[in-house]
Amino acid sequence: MLTTALRAADELKLTRIDIPFLLGTCVTVNRSRAKALGYLAHFVFGELFALGYYGLFVAQRTSSWWLGALFGLVHGMFAGTALVNLLLPVVHPRMGTNLTSAPQSALLEPPGFLLLNYGAVTPIVSLLGHVLYGALVGGFISYTS
């Protein structure tokens, strides 16, 4: 859901962020291979987060689309602040940081707080994508249980 929302927002010129590319360039400099590996990684992470959401629903003994949307909101806030703003630039070998000097040319611009370095609308699209993702996971789980 998030990948689709961000891809559509990129095509509509609302954002410049490309999560699969960010993830893929962690492991390769080849741009085509980076996109393919990044899409695979984002899919796998999406499945793992869905299992985490499922665990939270089981622990609470309830599930619904709105509770999933709430989980998605928290997930999106964490991703837009601590995860991509603080942690990703530290571990990503091809991303610039505030400490990167001019001779070190980074392949990628750091996303910044709430991903704002990739466009003013990026935080909104990212949060909405996470909320929709959570609502879908919660809705599917409540439907099947």
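In which handedness of crossing does α3 pass α5? The crossing is right-handed. Here a crossing counts as right-handed if the near helix is turned clockwise from the far one by less than a right angle, and as left-handed if anticlockwise. Helices are DSSP runs (H or I, at least four residues), numbered from the N terminus.

The model is predicted: local features need pLDDT of at least 70, side-chain atom pairs count only at pLDDT 80 or more, and totals for chains, interfaces and linings use all residues. Residues are numbered from 1 along each chain as its sequence is written, and side-chain values use heavy atoms, with hydrogens and water left out.

Helix α3 covers residues 31-60. Its 30 residues should span 44 Å at 1.5 Å a residue, and its end C-alpha atoms are 42 Å apart, which agrees. The expected span is 1.5 Å times one less than the number of residues. N30 caps the N-terminal end of α3. A side-chain oxygen of N30 lies 3.1 Å from the backbone nitrogen of S32. After α3 comes R61, with a positive phi near 60°. Within α3, the residues A34, G38, H42, A50, Y53 and F57 are buried. Buried means under 20% relative accessible area, exposed over 50%, and partly exposed in between (1.4 Å probe, protein chains only). The cover over these buried residues includes α1 (2-11), α2 (19-24), α4 (65-91) and α5 (122-144).

Helix α5 has 23 residues. From its first C-alpha to its last it reaches 33 Å, close to the 33 Å expected at 1.5 Å a residue. Buried residues in α5 are T122, P123, V125, S126, G129, H130, Y133, G134, A135, V137, G138 and I141. What covers them includes α1, α3 and α4.

Two packed helices are described by the angle between their axes and the distance between the axes. Axes are lines fitted to C-alpha atoms, for helices over the stretch in contact, and angles run from 0 to 180 degrees between N-to-C directions. Contact means heavy atoms within 4.5 Å.

The axes of α3 and α5 are 10 Å apart, and the helices pack at about 55°. That makes α3 oblique to α5. Angles under 35 degrees count as roughly parallel, over 145 as roughly antiparallel, 65 to 115 as roughly perpendicular and the rest as oblique. From α3, the residues G46, F49, A50, Y53, Y54 and F57 meet Y133, G134, V137, G138 and I141 of α5.

Helices α4 and α5 pack at an angle of about 145°, with axes 6 Å apart. Their crossing is right-handed. On the α4 side, W65, G68, A69, G72, L73, H75, G76, M77 and A79 take part. They meet L127, H130, V131, Y133, G134, A135, G138 and G139 in α5. Leaving aside neighbours within four places in sequence, G72 is in contact with Y53, H130, V131 and G134.

The axes of α1 and α5 come within 8 Å and cross at roughly 150°. The two helices are therefore roughly antiparallel. Their crossing is right-handed. The contact involves L2, A5, L6 and A9 of α1, and V125, S126, G129 and H130 of α5. S126 is buried at 6% relative accessibility. Not counting residues up to four places away in sequence, S126 touches L2, L6 and L115.

T3 lies in helix α1. Its side chain makes a polar contact with the side chain of H42 (2.4 Å). A polar contact is a pair of N or O atoms within 3.5 Å; within protein, one must be able to donate a hydrogen and the other to accept it, and residues adjacent in sequence count only if both atoms are side-chain atoms. Beyond residues up to four places away in sequence, T3 touches P20, Y39 and H42. T3 and L37 are 34 residues apart in sequence and 14 Å apart in space, C-alpha to C-alpha.

H92 is found in the loop between α4 and α5. H92 is buried, with a relative accessible area of 3%. The side chain of H92 reaches the backbone oxygen of L22 at 2.8 Å. With residues up to four places away in sequence not counted, H92 touches L22, T25, C26 and L108.
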